[in-house]
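Please look over the following model before reading on; the paragraphs below lead through it one part at a time.

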Amino acid sequence: MEELIAVSLGLLAGTVTGIVPGAGVTVAMVIATPMLMGFDVTQLLLFYMALASMVQFTGTIPAVFLGVPGETNSLPAVIEGTKFNRRMMSQLAVGVSAVGSVLGSVIAVALTFLLLSFLVDHVSVFFSNNTKFYLYIFVMGFCVLVYNRGKVLINSVLCLIGFALSLPGESDISSDLRYTMGMEDLEFGIPLMPVLIGFLIVPTLYKIYNDHQRVKQFKGNDVAFKKVLVYFMRCLPSSIRGSVIGYLCGFVPGVNTILATNTSYSVEKRLNRNSPGRQLVASETANNSGQFASMLPLLLIGIPITGSEVILYSLLVDAGWSPFQFDNVANNADMIFRDIVPWFVLANLVGLLVAWPFAKQILRMFTASKKYVIISLAIFMIGLNTYLGIQDYRTVLYTICLIVFGCVGLLIRKHEPVPLIFMFILGNDIEAVFLRQMLI
Amino acid sequence: MKKTIIMLLSVLLVSIAKAETKQQITIINNGKAGGSYHARTQMYRVGLVAAGYDVIYEDVGKISQAVKMFKETNDPTVMVYSNNQVYKQDLFHTAENFVMLEYQQPLYICQTNRSKSKTSGLTVAHGKGYDTNLLNKVLGEDIVLVPYKNSSAMLNGILGGDVDMMVNNQGMSLKYMESGHGTCRPSDVLPVMVATVIGTNIDVQAIREVIFDITMDIQFIEYHTSRQLVRPTSSWQTELELTQELEKGYDIK
């Protein structure tokens, strides 16, 4: 019963977190901390697992319908989902994403079962700088060669802009401040939210609004589940590919699901350039697969590799868990399959069932008053940016960044911003990984 | 009836009087969720409320912004702190702000089993804020220093096979030893980290008693015990002198 309560609360929190743009698993864990302090170890693990899984399902809904990413790993869903939206097939996009997510989770569990002993012995390979170095080379190569119809120059410029934006403040390898121009607020770097809103959401809303002008009577097609399954079967190879790529990337500390989604998306973009469905399914499948894989280092050897897992880890230790028992990995593995996996499968099925009706509701709301939804969303994003600025004690910087990036975003709206955002988010880590690679 | 009304009014007045005499105190959270600063702040926050304080909680989450707020405030304020931040934040422990030394922990030097036979060119992971000159003095010139963002990144690095050694805090070093991949020893040359509580616009002696009582709570004791944190309790004066002495170790020359 206690397990059921923990899973239910996790699912509920995941549903809300996924639908609210800008929220994420880490934020949800921080908000839920007072409640979680009363949980025991199993309840904590189940809550986190349900939360993290559910977010992957519901996060697709605002990404596809509203063009707003729930989390940074929803970028491909925004880009490809918008294409579905224009063809009045948003529900199909959400449907195939949800089915793909379930498959991704199942494949992740199956891979874990098959590779368990190998993983226990070699999981730390994914922690090595060398692994990260080659993965980054691989993904950066894709960023330059694949996006914007393979226009290398444009992609390179976007990458450089993203990297330049990641530079101000402290780097990951030195506590010295750089490129702050004497501004105290820049000591903590350029904030993420204005970059996301400016380069991604503003152009997306602009495009959706213009579509509205063209298509006065926008109506979303109600898509039967059977049709979703038929469409999904066509994308099955992409989904399986995405699951495997996502699973492997899920072990990379700090960047797991972002790397999983973007790598899988980039690969699929290369293989199936003109198939937004396959690209969407591959990235969303990779997301869920990567999410499960990212939990394994923590569950098996007690090493948290994401921000939200650090919070979970702290709560687990306070709840009396002694996770870093390397000599007792077999017990940890047994615990994963006995206590976690059954609930994980259930959480994914609930995710599928919840994402489906929610998608319909949002579609109805959206089609009934698209113009007002866009305006409300724009106001919400400005409000969210200001709120986060206040929380971060950097309201002025947040506002200035939003205005500047919003204008630039509109100017470059014809180009896919993924290379820019990817380099902005990972620029500091890439720099540190490359430097260490030279030293080691 | 009359008696009941008088009794109720008396209770109400006493409650109001009590509420009015409640002392207000601000506690600044300067750490991210999951970290030790954050965890300790939460426990002090709960303890101060239980001790009858009207607690204002400022969730800053970043040490430099928190220090700025701490320096500028005119209200009674407390904040958890540590001696490894004093030079960077330009906020030193003084008789005016020092409340209590909570625990101390040495830095550990860990080495992988597979590098034990290696005699030169050892790669050493260190935190980005560490004094590299000091590390060279302690470990020799014939080493390659490899910077990492934080203590957990260092642990990942050494587990992933990036480096032969790491200089890390107690928590991560104990974890590494648990892995069986190598050994660690506390350094008697590298600076010792001291976790403290500081206050401003407040009677430090009076608040020390309250803070000390909070740390005697079972939750705090469990926190210290589970992390093997050593707590050198003595007089306020001795704790201050020890803290001031140990903070000099973080002066990067």
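Which residue of strand 2 of chain B is the bridge partner of B:Gln24? The bridge partner of B:Gln24 in that strand is B:Asp54, where strands, like helices, are numbered from the N terminus as DSSP runs (helices H or I with at least four residues, strands E with at least two). Residues are numbered from 1 along each chain as its sequence is written, and chains are lettered from A and ligands numbered from 1 in the order in which they are written. The model is a predicted one, in which local features need pLDDT of at least 70 and side-chain atom pairs count only at pLDDT 80 or more, while totals for chains, interfaces and linings use all residues.

As to confidence, the model scores ipTM 0.81 and pTM 0.73. Chain B has a mean pLDDT of 87, with 91% of its residues at 70 or more; pLDDT is the predictor's confidence in each residue, from 0 to 100.

Chain B is divided into domain 1 (2-105 + 194-250) and domain 2 (108-186), with bounds that come from an automatic or database domain assignment. The C-alpha centres of these two domains lie 33 Å apart. Their contact takes four residues from domain 1 of chain B and five residues from domain 2 of chain B, two residues being in contact if their C-beta atoms, placed from the backbone, lie within 7 Å. On the side of domain 1 of chain B that touches domain 2 of chain B there are two polar residues, two charged residues and no nonpolar residues; here Ala, Val, Leu, Ile, Met, Phe, Trp, Tyr, Cys and Pro count as nonpolar, Asp, Glu, Lys and Arg as charged, and the others, Gly among them, as polar.

Because five of its six residues are buried, strand 1 of chain B is largely enclosed by the rest of the structure; a residue is buried if 20 or more other C-beta atoms lie within 10 Å of its own, exposed if 12 or fewer, and partly exposed in between, with C-beta atoms placed from the backbone. Strand 4 of chain B pairs with strand 10 (residues 193-200) of chain B in the antiparallel sense over six bridges, and B:Gln105 stands opposite B:Met193 in strand 10 of chain B.

Another open sheet of five strands in chain B has the order 7-6-8-5-9, again with mixed pairing. Its edges are strand 7 and strand 9 (182-186) of chain B, each with a single partner strand, so one side of each is left without a neighbour in the sheet. The twist here averages 25° from one strand to the next. Strand 6 (residues 122-127) and strand 8 (residues 165-168) of chain B run parallel and are joined by two bridges, and B:Val124 stands opposite B:Met165 in strand 8 of chain B. Helix 7 of chain B packs on this sheet, touching strand 5 (108-112), strand 8 and strand 9 of chain B, and its direction makes about 150° with that of strand 9 of chain B; axes are lines fitted to C-alpha atoms, for helices over the stretch in contact, and angles run from 0 to 180 degrees between N-to-C directions. The buried residues of helix 7 of chain B are B:Gln170, B:Met172, B:Ser173, B:Lys175 and B:Tyr176, and they pack against strand 4 (98-105), strand 5, helix 6, strand 8 and strand 9 of chain B. Just after helix 7 of chain B, B:Gly180 takes a positive phi of about 80°.

The contact between the chains takes 27 residues from chain B and 29 residues from chain A. On chain B, the elements that give two or more residues to this side are helix 3 (63-72), strand 7 (143-148), helix 6 (151-159) and helix 7 (170-179).

Chain A has 18 helices and two strands, and 55% of its 440 residues are buried.

Definitions and conventions: Two strands pair if DSSP finds at least two bridges between them.
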